[in-house]
Amino acid sequence: MKKPTVFYPLIIFIFLVNYHFYSFYKQNFFQMKKIITKKINISNYEAIQSEHPYYEIWKLAQTDNRVFLVMNNLDTGNVDYTTTYFKRLIGDKRNYYLSELSLFINYFFYPRKIESFSFDQLIRSKNIYKKRDIIISDFDFDSFYLINYKDNSYIFKEKTEKERQFDQQFLSLYHRLKNIKVFNKNFVITNRHKEKPYFIYELIK
Amino acid sequence: MLQNSTIIMMSYIFFLYLVGLIVLYLIAKKVFFQLDFFIKIALSWLIGNSFLVVVLYGFFAIKKLDLINLTNFYFIFILTLVSSFFVSIKIIKSLNKSSLINIIFLIFILMFIYPLVVDSLYSFMLGWDAVGVWLFKAKVLFISSNINSFFASQDYLYTNKSHPIGIPLLISFYYRLVNYANDQTIQLYFLCYFINLIFLVFGFLRTLFRKIFHDLINLLIALSLLSTAIFINYSHNGYVDLALSSVFTMLLVLVYFFLNEKNKEIKLEYFMLIAISVGLALVIKNEGLFFTGVVLLVTGFLALKEGIFTNWKKLLFLFIILILFSFPFIYWQIYKYRLNIHFHLEGRYLPSLSSLNRLKTLFNYYLMEMLNTNKYYLTIIPLTFLFIVELTMSIVNYQFKNKSLLLLGIFLFQIGVYTYQYIITPLPFIIGLETSLERLVLQILPCFYLLVAIFLKEFILLVQKNK
């Protein structure tokens, strides 16, 4: 049978076009290798993990500190693919809110189960936390403090007893917290959305 | 320098190939020497995995996963190496000039995918389903042999508990060897499915177009089809869709050989290999059930019709294979029933009138997906046009008894299943469609490529006949 060589240039052309795009990935992959090989003081696994967007969470999962998770961003306006729908084993089906942050917390901490609270719940449940406890939050406590309490004007506002109690409890907790910085990572992953910010606090008193 | 975890991973991968090669030689000697070198490698990989999955499901059933450790593994590994000696002798004896060319092609392919190997060794897991489903379950299986409490609990329902645990078991096997949940190096294991898919597509094209295209051109076609963004993104990111895709493709190839084989004994060997591959597809993901069901139905019917079950010894062998490789699937169904683990489509098998309105939206999304050159580059669009011409030619020339139409039927059936699933799903329709469609396409895209190739060959033969 005579080989249809007339198609060869077309096939080679398509291969070269596809290879051109493939080489774009290639560059990205080698860039990561370059970053990792520079980190010599830690294990290879940790060096790679240190570029993970949730590295700080992974690091915490290696400790035995008690951890509280504050998930405040649960409004319906925020419902996207992170809301999942499951058949429960008992009872009705219901929607579950699953953020990327809780997904990684569940994964890194397993078999430990990290319970999540709303910001309000956390502030009102006093005396449950102690020194060295960790609070991971999708809510920035510092900004909340700066906006509401920094200039002391909040004490002059008319408030209910419940609100005053909340102020007191928040400030009492806030002054015991140390912010653990979540660092920006060197490696930028292509074709990936930016993670929603998260914050980590340690109770120092 | 190679890390210890990487060396163990490479031993694990080599072990799977070796087991697959031995099983392939033992159950299908004639096919073994008939198959193309690259198809043989790909088939060995899948058989090796299928075999180990059966063993691991057995361990899981008797809660003895903790028997797996590095010492036991190396002991079994050495035993396998020794027992592979007789296969190696046969292979060495069959070496010829073309073996050198095969080695050159092998090196070329490995050089081509080297950047992906680098990325597998220097990156972390980030995909939602990877972390939320497959690696999560692997970690659970690594931590304890008895995981009934995990499956019975109301927690972690997003992990899709109803999906079979074949891949998590294979991952946890590696975790037990390195003694920690190394979710980075495991990417190399996932990458093997992709590499074997390249081997398979190249090997098949080479077999199909041996007299039509030069081997190098066949390789360039295979690499062009499989180096698009969709394959690169899913090649080692911890999703199991590419693994399922490679088993579907292998099944299509085996069914093609089965249909075109005249020797009854060899046909029976192909049927046994189909049964083993079906076993693997059934323990990867729920979507494997329908594809494998129709493949078994078609080949089983033809096998009975053509009377290939004449050799009692081989028939007994087939019976053992069917029992052995269906064990994980059957055990998993019983396990799910006992622990009340539900699939989200359960109890919703019929569409409502309103859900039928989804068809129009589905068609739009299917079309948009086909035209997406960001993911598929210059592959799907021209191949679809080519396929339409090929099918038209087939119909115009009254080729209705063409056996390849059966393969097309299997492919269309699977698309039908996906469409039906979208119609009846209780999950948010558009969100579900947007986040899962590309993965479903990935599962059957290589099958589409091979179908175009099969019909192209017939098209060329028809044109030459008409001349």
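**Exercise 1. Describe the interface of chain B and chain A by its buried area and its residues.**

Solution. Chain B and chain A bury about 5900 Å² between them, and 69% of this lies on carbon and sulfur atoms; buried area here is the accessible area (1.4 Å probe) that two parts lose on being put together, summed over both. The next step is to ask which residues contribute: Tyr122(B), Phe124(B) and Trp128(B) supply 14% of the area that chain B buries against chain A, more than any other three residues. The contact, meaning heavy atoms within 4.5 Å, takes 68 residues from chain B and 56 residues from chain A.

This is a predicted model, in which local features need pLDDT of at least 70 and side-chain atom pairs count only at pLDDT 80 or more, while totals for chains, interfaces and linings use all residues. Residues are numbered from 1 along each chain as its sequence is written, chains are lettered from A and ligands numbered from 1 in the order in which they are written, and side-chain values use heavy atoms, with hydrogens and water left out.

**Exercise 2. Work out how H14(B) and H21(B) pack, from their axes to their residues.**

Solution. The axes of helix H14 (residues 241–260) of chain B and helix H21 (residues 404–424) of chain B come within 9 Å and cross at roughly 150 degrees; axes are lines fitted to C-alpha atoms, for helices over the stretch in contact, and angles run from 0 to 180 degrees between N-to-C directions. That angle makes H14(B) roughly antiparallel to H21(B), given that angles under 35 degrees count as roughly parallel, over 145 as roughly antiparallel, 65 to 115 as roughly perpendicular and the rest as oblique. Residues of the contact include Phe248(B) and Leu252(B) of H14(B), and Leu407(B) and Ile410(B) of H21(B).

**Exercise 3. Determine the direction of H6(B) relative to H12(B), and which residues meet.**

Solution. Helix H6 (residues 97–112) of chain B and helix H12 (residues 215–226) of chain B pack at about 25 degrees, with their axes 12 Å apart. H6(B) and H12(B) are therefore roughly parallel to each other. In this contact, Phe105(B), Phe108(B), Ile109(B) and Phe112(B) of H6(B) meet Asp215(B), Leu216(B), Leu219(B) and Leu223(B) of H12(B).

**Exercise 4. Locate Pro111(A) and Asn179(B), and state the backbone feature of each.**

Solution. A cis peptide bond, with omega about 10 degrees, joins Tyr110(A) and Pro111(A), and Pro111(A) sits in the loop between helix H4 (100–109) and strand S4 (116–117) of chain A. Asn179(B) has phi near 65 degrees, a positive value in a residue other than glycine, and Asn179(B) lies in the loop between helix H10 (166–178) and helix H11 (186–208) of chain B.

Terms used:
Helices (H or I, at least four residues) and strands (E, at least two) are DSSP runs, numbered from the N terminus.
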